[in-house]
Structure formats: structure tokens, C-alpha cells
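This briefing concerns the protein model shown below. Please keep the sequence and the structure in view while reading the points that follow.

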Amino acid sequence: MRLPILPFCISSIGAASIVLGPWASAKANPVTVTLDGFNYSITSTTLIYIDSRDQFNATTMPWLNNSDLAKTFATEVGGELGYPNRSGRYGPYFSWSNASFFTRAWVFESPDTPIRLNLRGFFPEVYAILSVPPTPVPPPTPVPPPPSGIIPGGNASASNPYSTTFAGGTLVVDASGPYATDYTLGEAGGTVDTNGNIASFNGVFSGSGPFGFTNTGVGGGINLSADNPYRGFTTINNGAVVLINGSIASSAGLLVQSGGTVGGNGFLPFTTINPGGSIAPGNSIGTLTAAALNLNGGTIRAEIQGPQVDRINVTGAVGTFSGTATLTGFGGGGPWPGLSYTIVAAPNSPDFATPGSLMLQPVSVPSALLNLGTTLIQEADGNPRTFDVRWQPRNGQGATTSALQLLGQGGVNQLATAGAFDRVFQSLAIGAGGNANNTGAPIGTTGFTTDQAAASGVSADFLGATAALLGLTSGSQLSAAIDSLSPEPYAAFQSVGLETLKRQRKLLMAQAGSCRATGWVVRAEALASGKRSPSPWCVFALAANGSSTIDGGGGLSGYRSGVFSSFIGVEVRPGPGWTVGLAYGRGTSSLNNMALTNASVTAGVNSMSFYGVYQPTDRWNVRGLVGYANFKGNGSRLVAFIGNGSAIDAATNANGYNVAINADYRIDLTGPTARTPVTVKPLLGLAWGGYQQLSFGELDGGPLNLQVQGHTANSLVGTVGLELATGPIPLNRSNTTAITPRLAVAYQVDALGNDAASRSITSSFSSAPAAGTFITQGQNRGVNAFVVDGGVDLKVAENASVYAGIGYEVFSNGSQFTYSGGVKVKF
């Protein structure tokens, strides 16, 4: 009995697929074949055809009576059910035609070939059958169409957006980087969430909807570089930083809420900055242009570097103008005193700026010079249609001098040096104000250019050194730097030069006319026997060394000085009552240990002096001297905290001139028969000294080298004194050895000691004509001096003697200790 075929029609062999099925049979796990919309679970069973013909029907074998279909199933099943027939040669038989004693079938032959066989039905064979009835393949789950835009709740990622049209949803920046996609803002608008990343949108935002910016992450920012023609309102919300380097000028308006920031160098529509919101022009220092501006309690964040400043140009009106302006140094630079910084300019606006419009907050401006020497003011230019700021000198003259005065360091030299820098600041305010002349090469991180420096009368290097001075962060650093920049060591050395000339006068005048005997400051003419040498000539050598401590006052530095003088000379008596002498001198003079700066000056001194002594009687001595000295000096100073760190050296040259006259009168305190005569001598003297410093320039200090003008310092010293002395005291019977002690005191007045012109020099910075010249004073010894000298002469032979002495001098501005000695030889 033939069973009817299952109710499905195969007009042609369709595509099929095969999977392992969930059912099992006695022979093998079922194999599922999908064909024409149905799943067939095929297994295998062992049958003897002639005994089981009732199982060969369309229900268990749907390929029956269809050779092609049987072949298809055989092919799809392949070897999945194994090769149980003919000793592993054939797979299960797909029987498709039945006769009385045989059947026809397709079978899969190992390894991979389907063949058709005629099978006798007397033997058990393995046949393919269905394990369960076929089931229809379920229809696929429908995939919804993509949304028509970026919708609320359907956030899109910037790196792979599912739409480029905003429909009220949010585009999340999922990775930092550039994005070139164009977007359209539908009527519902859209939002960009920075998500803590840094992104540059180089594509165009167009459309009519509103546009918002948020930031659900930490940090990050968005840059819009294109001209964006969208027309909706723009809002920058808390945490979002948006740089407009293209344009959003076609937007209906821009509102920056608390925590939001707008910046860049682009173009904005009517812009409102609410409390907590910020507008920060530029990407570094730059300019934003807005159609109109309302600063409604928000903050303007401006960066400053030299003459450069962030700026907001407003083409229309500025309405509300209240809030805060934070002022920050940029790129290692910062603001400079005296420069006006215009931050908002609105030439077409009604007046909006006043001297108290905004609260000013300097940030990262650590300059001691600015903080101590200036007051930060606004509306300095007097134009109510601009908002500008300026660091104005407190004293109205200069920031550097103001700072030092506030520090209590307003000495004459400090103010003179500081004034030079203030003139540089004033020149820069003219030559580079408003960032004028900004061509040429940049000068370090100052914000200035080489052409601006040239226009202001300073070299680029000097401008850099001035920037370093401006960058000092403490008052002590600023004060030390100004002190070390002063040429005060050279001014003070004039006093050392005058003292050197004074020591030369004193040493020579003390021995003048007494080469044949012995003597000291005010010489006693010790005549042991009244006999004179038959020879009129006498050779002598003497030397003295003095060490002084000079106290500073009135802002002038104290210091230590040393003077060493030595002479070798010849003295002759050309006639009765007259003695003349000629002496060549060598020595050194030095200045060091300055209280306010690390500097020193030393000089080698060569001199020639001529003197004469006139004795109208045996009690009177009148002495006169003229002399010349040459000082070959070397100066060295170290500039504190700024400059190149090298010592600044100078080779100096000066001439010294001496003219002196004094007179003493001997009064005998013992009788003519006394074994050891004792005398006292009153002394009067007058001397002029001139120290002529020639002009010179320093070396090795780069832009901080000084050019010092020539100058002559003068002294006019009057002396009144008294000397107590004895005649030679014999130390042996033959009188070939004798000792002569003496003690002298004197009071001296330098009539020019308080003359500032005699202790000053005029200097300038070689690399900064704009700094001009400035006068610097050096501390001198003052007007008054009290001198005590003591000594002893030792006659060692008939024609030779040696002597030694010490002295102490107290003067108006310090003290001095000296010691001396010499040798006299008669021939």
C-alpha cells in the first residue's frame, strides 16, 4: 500500500542548510536539514525492505518518489549519520522508488560523493527516515528601522554616530581626537557631551534647532573650527569648555551658564555670561569677536604676556557689565608695569566701563616688583567704551622705585638704579604699548619682539634681563638685585683713592727734612750734637700699611679698604735752611666686603713726589709737597639673581694729584744741658688731593655692563696737631745706637667731605639707551677725623737708622689702623 506524499510541493531543489538536531534514534543522532521553509529531522534505522515495506512511505521518507529530492537530502546529510552500510562504504540509503523485491536509493559514498543504487530487499540495510514530522521554519524577528535622528535617550557616539541629525538627543564624545562629520540640528536641537575628552569638530553644524554643550566627565574641551550656520540658541553648561575658532555668529544667541567657558579666536553672536560662567578669549593669547556682550556677573579670563593680552572685540553694544576679571601670566611671561592692557573694546557701544566696573583678580602674577611697587587699576585710558587694566606705580613715577620705598630701601643709590629700570618700563610702554611694533623675532618668553625692544631703546638681551628682574618673587631678591646692579663700588673707590693720596702725603711729609736724623708725623728736629754731615745727600726707604672700616649710612654701603704705600727717595740740602727731596712710590689700594653687594676694586699705584723743607730758624719747619699718582685698577661685581651669573669685570684707570703745605714750631720742654731733650711741636697743615677717574666700560656682564663716565673727586684737608718727642736716647757708651720715641695727635677737617659731587659718578647701561644716565654715590670718610700716632726710631749705626710706628684714626664714617716702618741711610 502506497502512502500519499506530504502536502508540500518542491518545484525545484531549493537551498538547504544542515544543523545537528535535538532528537536521537537507535542508530544515530538526528541531523536537521532545512529545506524550502521546513526543518527535517533525519535519523537512520535498520530495515529488511521486503519485510518493512509499510515503513517506506511519504510520512517517514518525504523524498519518496522524487529522485532529485532524495539526492538533495543525501547530499545535505552527507556523512553526518556515519557510513553504516557495506562495511563503512555507504551512508544511510535515501530510498525513493519501491518495487516488489528491490528499491532504488541515493546514498552518500565515503568520503564525499552521492551515488544512486538499486538495492535488493532481502538483506538488512540502514535507511534514512524522519525522526519526527517536519516543522515550519519560524519567520525572522523584524528589525526596526533606524531612528530618524539622534533622539533623547538614544545617545550617539561621536566616533560612530547612528545619525547626523539631532532630534533632541545627545552626541557623546567617546574618544579624544578630530571629527570631520557635518551635523544638522533639527527643530528639537541637540547637545554635545564632552565626556571628559578633547575633541575638535571640523565639520559644519547647520539647522534651526538649539545647540547645547555639557560635560559629564572631568576636564576636556571642544573646539569648533568651521563656520557653523545653525540658527538656534546656544548654551554652554556646567563643566563644558568650548573654543570657537570658526564662527557661530548666526546663532540666535549664546548663554554661558555657571561652570561653562567659551574661548577661542572666532566669532560669537549676542553673548551673555551668567554668574559662574567665563569668557576666555584666545587659545593662548588671542581675540574673540562678539556681536554684543552682557557680562551678567560672569568672569572675563584674560592672559597677559608682555605687551600682549587676550581681547574681546564687540561690534555692537555692551549692556550689563559687572563681574570679575581674572588676569593671568601666560607662557612664562606676565604683565609689565605702566603698560595699558585693553581687554574689551566696543567702539559702537554706549559707555559701559568705569574705574570700578569689575573686581580684578591677578592670578599667577608673583612678581615682587609688581606686587610691591604698583597698584592694579582699571579704566586707566579714560575711554568708557573700552575696559582696560594697568599696573600703575604707587608713587606715580616708577614701579621699581615704589617697590624699594615700600621695602624701606629708598637709599639714594637704590633709587638711582631703580630709576634707570623705571625709565626702561616707561619707554617700553611707549614703544610696545598696545602690542605696537610687534615684528621681528620673539624675545624668550617675555612676549616682546626684537623690533619692540629696538623701538623702545633697549637691546633684546637687556629686555630679557629686565624680565628676569620683573620675575623675582620676593622683596629681598629685588632689593639685592638692585644693589648689585649699582656702580657704587666705583663711586666708593674714589674715597679710597683720596685716602691713598693722603697716606702718601703723610708718609713723605713726616720724614721730609729729617733723613739725617729720625722723625715721624710732626717731626722733632733732633740735633744730638749740632754737627752736620759733610755730605748733603741722604737716601731713605719707608713703607706704611693701613686698614679701614667704613660704615655705610643713608642707603650707602659700608666696606673695608686697604692702602699700602712704599717709597724710596733721595734728599739733599742745596743750601743753608733748605732741604729738597724726590721720592718714587709703589703701592696698592683695595675696596672689598661691601655690605650691600658682592663687589671689589683693587688698584696698583705708582707715584712720584717732590717736596721741600724751609727752616728759617732752628725752631721753624715749613714743608711743601706736590705729587702725582697713577692708579691701574680692576673692578669686579656679581649681580644677584639675574644676568648670566658671570662676574662683571672692569679695567679702570685714574690719576691722582697731591699738593700740601704744613708748618711746625719746636718748643723745648727741657734745658739745653738736659741729657735727653724733650720737645713739643704744634702743627698746622693744609692739603688738596684730586682723584681723577677716567671713563671706562665693564666687560663680561652682557646686557648689564655699565659705562662709567669720567669724574674727579676732591678733598681739602686742614690739620691742627701736636707732637711730643725726645731726642735720641743712647743705648751704648759710644752713642752709635740710640732710640727716639714720639707721640702725635691731630684733628683734621675735610672741607669737601660732605660734597656729594666729590663722591659721585655718572653711569649708564651700555645696552639700554632708554635707561638714561644715573648718578651713584659712594660712602666716604666724612668731614672730621681724630688721629693718634706713635713711633720709635732706632739708630743702628752712625749712618743708618730704622723706625716703626702705629697709628689709629677715627673719622666721621669709620676708623683706620696703620703701621709703618722705614730705613734711612746717609752717605
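The side chains of Glu125 and Arg86 form a salt bridge, with an N to O distance of 3.8 Å; a salt bridge is a side-chain nitrogen of Lys or Arg within 4 Å of a carboxyl oxygen of Asp or Glu. The model is predicted: local features need pLDDT of at least 70, side-chain atom pairs count only at pLDDT 80 or more, and totals for chains, interfaces and linings use all residues. Residues are numbered from 1 along each chain as its sequence is written, and side-chain values use heavy atoms, with hydrogens and water left out.

**The Glu125 and Arg86 pair**

- Glu125 belongs to strand β7 (residues 124-130), whereas Arg86 sits in the loop between α1 (67-77) and β4 (94-98); the pair links distant parts of the chain, 39 residues apart.
- Helices (H or I, at least four residues) and strands (E, at least two) are DSSP runs, numbered from the N terminus.
- Glu125 counts as buried because its relative accessibility is 10%, and Arg86 counts as partly exposed because its value is 45%.
- For these terms, buried means under 20% relative accessible area, exposed over 50%, and partly exposed in between (1.4 Å probe, protein chains only).

**Other salt bridges**

- The structure holds ten salt bridges.
- Side chains of opposite charge can pair when their charged atoms come close.
- Another salt bridge joins Arg619 to Asp668, with the closest N and O atoms 3.2 Å apart.
- This pair also links distant parts of the chain: Arg619 is in the loop between β36 (598-614) and β37 (620-638), and Asp668 is in strand β39 (residues 667-668), 49 residues apart.
- Arg619 is partly exposed at 27% relative accessible area, and Asp668 is partly exposed at 32%.
- A network of salt bridges links Arg619, Arg666 and Asp668.
- Glu698 and Arg637 meet through their side chains in a salt bridge of 2.7 Å, N to O.
- Glu698 lies in strand β41 (residues 696-699) and Arg637 in strand β37, so this pair ties together parts that are 61 residues apart in sequence.
- Glu698 is buried at 5% relative accessibility, and Arg637 is buried at 1% relative accessible area.

**Domains**

- The domain assignment gives domain 1 (17-131), domain 2 (155-394) and domain 3 (486-525 + 545-825); such bounds come from an automatic or database domain assignment.
- The C-alpha centres of domain 1 and domain 3 are 137 Å apart.

**Helices α4 and α7**

- The axes of helix α4 (residues 412-431) and helix α7 (residues 475-485) come within 9 Å and cross at roughly 95 degrees.
- Axes are lines fitted to C-alpha atoms, for helices over the stretch in contact, and angles run from 0 to 180 degrees between N-to-C directions.
- Gln414, Thr417, Ala418 and Phe421 in α4 meet Ser479, Ile482, Asp483 and Leu485 in α7; contact means heavy atoms within 4.5 Å.
- By class, this contact of α4 with α7 has four nonpolar, three polar and one charged residues (Ala, Val, Leu, Ile, Met, Phe, Trp, Tyr, Cys and Pro count as nonpolar, Asp, Glu, Lys and Arg as charged, and the others, Gly among them, as polar).

**The surroundings of Pro210**

- Pro210 is in the loop between β16 (205-207) and β17 (211-214) and is partly exposed at 37% relative accessibility.
- Leaving aside neighbours within four places in sequence, Pro210 contacts residues including Leu185, Glu187 and Phe233.
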